[in-house]
Amino acid sequence: MLASTRRAERRSAFILIAPFLLIYLVLFIYPTLKMLELSFTNAPLIGEGDWIYFKNYVRLFGDRLFKTAVWNTGYFVVLTVVPNVATGLLIALMVDRLKGWTQSVVLAAFFLPYILPVSVVFLMWRWILDLQFGIAQYPIEFFYGERVPVFRTIPWFLPMVGLITIWWTNGFNVLLFIAGLRNISPEIYDAAALDGASRWQLFWKITWPLIWPVTALVATIQLILQLKIFDQVYLFSVGGRSEPTMVLVQYIYQEAFQRNRGGYAATVATALFVLIAALSVLQYQVLRARSAE
Amino acid sequence: MSVETGRIKLPTVGAEGAYRKLRAFDIAGLFLTLATFAFAIIWAFPLYWAMVTTLKPEYEVVQPGVRLWPETFTLEAYTYILLNTKIGLWYLNSLVTSAAVTIIVIFTAATCGYAISQLRFPGRRLLYLTIMASFMVPIQALIVTHFVLMSNFGTLNTWLGIILPQLIVPVVVIVYKQFFDSIPRDFREAAIMDGANDLQLLFRIYLPMNWGVTTALAIITFIGAWNAFLWPFLAQSSEETMNITVGVTQVHSAFGVQYARELAGAVLAGLPVALAYLIFQRRVTQAITLSAGIKG
């Protein structure tokens, strides 16, 4: 009796996991292993190649464009991660004070950009920053002295795309911070306020230490997310010189789809994979430390 | 110095002092609230500016100065986009592929999450760990091999080709597993004794217990699939098979950029997800906090 129910349980389990497992094996495990294999060949995008051992990896180290892509990706991370987390916390603190429908409306204003497709964000900002007609050229002219073709001027490109990315994705951080703020018991604030603590003290002595786990979580999510940056950087660079502002995923795309070097693109992809896997382990450690507290 | 009044501590300030303190507090609070409103308006302004541009005729769009409301109100940009591009097809492609991704992801994640949470079978722990480990693989790194695979399947430039690589959303399985973990296993055993099977249990009892979770996950999966850019951009090469997010970046005219028309396309592309958010605001929030592992 018992053995048969256990057999039945196993059979049910197999049936229930089968659809997921099939998709997972074919579309995730296999492509990941295939990527590793491809990285040791000189295959074109479609078709067979020869096994060339570590040649691609050796080449990676002398590849100037790969270095540029790594450098730019790192630069983009620096430009976006900390400002995005800080802005998210600031906005969450501002929104969390409000009550009722004003809170919903204000939160929606900050959150709406996050829900939009990247192409919409791209089209909007290309218009706003248009050299001749863009409305943002007025403040640029006022502060900088002249109009700037932002997406055709290399020193402006990544900082501006970073700024747009923060505007676009900040709503996600705001939501997580608000959820975190709501987990802090209001009694702690009441007690401290009655003891005469100032707003400033309330923030640094109570909010900041108690929200820290969420801050660490948001920061690591952002870090990994921004390392995988492609869409905005690619879209804004179309029609201009893409090489000086190339990021890692864009380099994979260029090698595979524009230069027809599937093998080498897989090598770059593997490098990105290793980088992100290492950081994910780090993130896991951070989160485990957090749950152990 | 303070006096104890029952459980609450009151600071020993005179009534007048307390009043003055309260008032100062309120003025600071009022200032903060106004600053928040101002900041929110600045933040949302680009959205407004894009919207209002689509309602202007092209000659007005390129006039210098800031005109917050169209002098001549027109829907010309929208009629142009609707009549002169394949936007109807792009909409259909986006709708079909995003709906398919949502249904398949929710179904496979719910069944798999249920099995991992409620059933005991060999390989259960290994499966769970593998799913957890898959967070480490950036899906963007797989574009090369996904492209080769879809090409071998002959699914490039088809709906199936856009759908398949987007089915990898391991976080949904994890959220379901954690949700089902809150239900004691005795519950299942009793139901099985009564002659129910696991499929019935899952779809008639466990999922209906809290449709909210499924709704939230479905909405966020749909929005994610609708907004996807990189893969739909790679998987198609003809105007007929584009998703709307890819299509609207292709609206060019022989006379250079025409912003009202381009932005009209953008508004149409963003409208479904913006509406989905505004209607299901609470569910979207829930899904985001759930998948980040924070209990809101």
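Trainee: How many helices and strands does chain B have?

Mentor: Helices (H or I, at least four residues) and strands (E, at least two) are DSSP runs, numbered from the N terminus. On that count, chain B has 15 helices and two strands. Keep in mind that this is a predicted model: local features need pLDDT of at least 70, side-chain atom pairs count only at pLDDT 80 or more, and totals for chains, interfaces and linings use all residues. As for labels, residues are numbered from 1 along each chain as its sequence is written, while chains are lettered from A and ligands numbered from 1 in the order in which they are written.

Trainee: What share of chain B counts as buried?

Mentor: A residue is buried if 20 or more other C-beta atoms lie within 10 Å of its own, exposed if 12 or fewer, and partly exposed in between, with C-beta atoms placed from the backbone. In chain B, 41% of the 296 residues count as buried.

Trainee: How many residues of chain A are in contact with chain B?

Mentor: Two residues are in contact if their C-beta atoms, placed from the backbone, lie within 7 Å. Here 72 residues of chain A touch 77 residues of chain B. Helix H1 (residues 2-38) of chain A gives the largest share of chain A's side, 17 residues. For classes, Ala, Val, Leu, Ile, Met, Phe, Trp, Tyr, Cys and Pro count as nonpolar, Asp, Glu, Lys and Arg as charged, and the others, Gly among them, as polar. Chain A's side then splits into 57 nonpolar, eight polar and seven charged residues.

Trainee: At what angle do H4(A) and H14(B) pack?

Mentor: Axes are lines fitted to C-alpha atoms, for helices over the stretch in contact, and angles run from 0 to 180 degrees between N-to-C directions. Helix H4 (residues 100-115) of chain A and helix H14 (residues 259-279) of chain B pack at about 140°, their axes 9 Å apart. That makes H4(A) oblique to H14(B); angles under 35 degrees count as roughly parallel, over 145 as roughly antiparallel, 65 to 115 as roughly perpendicular and the rest as oblique.

Trainee: Which residues meet there?

Mentor: From H4(A) come Ala108(A), Leu112(A) and Ile115(A), and they meet Val273(B), Ala274(B), Tyr277(B) and Leu278(B) of H14(B). By class, that contact has seven nonpolar, no polar and no charged residues.

Trainee: Is Met94(A) buried or exposed?

Mentor: Met94(A) counts as buried, with 20 C-beta neighbours inside 10 Å. This residue is in helix H3 (residues 64-97) of chain A. Leaving aside neighbours within four places in sequence, Met94(A) is in contact with Thr36(B) and Phe39(B).

Trainee: And what is Gln232(A) in contact with?

Mentor: Setting aside neighbours within four places in sequence, Gln232(A) is in contact with Val118(A), Phe122(A), Val161(A), Ile164(A) and Thr165(A). Gln232(A) sits in helix H10 (residues 231-237) of chain A, and counts as buried with 23 C-beta neighbours inside 10 Å.

Trainee: Which loop holds Asn260(A)?

Mentor: The one between helix H11 (248-258) and helix H12 (262-292) of chain A. Asn260(A) has a positive phi of about 55° although it is not a glycine, and is partly exposed, with 14 other C-beta atoms within 10 Å.

Trainee: Where is Asn157(B)?

Mentor: In the loop between helix H6 (143-153) and helix H7 (159-163) of chain B. Phi of Asn157(B) is positive too, near 65°.
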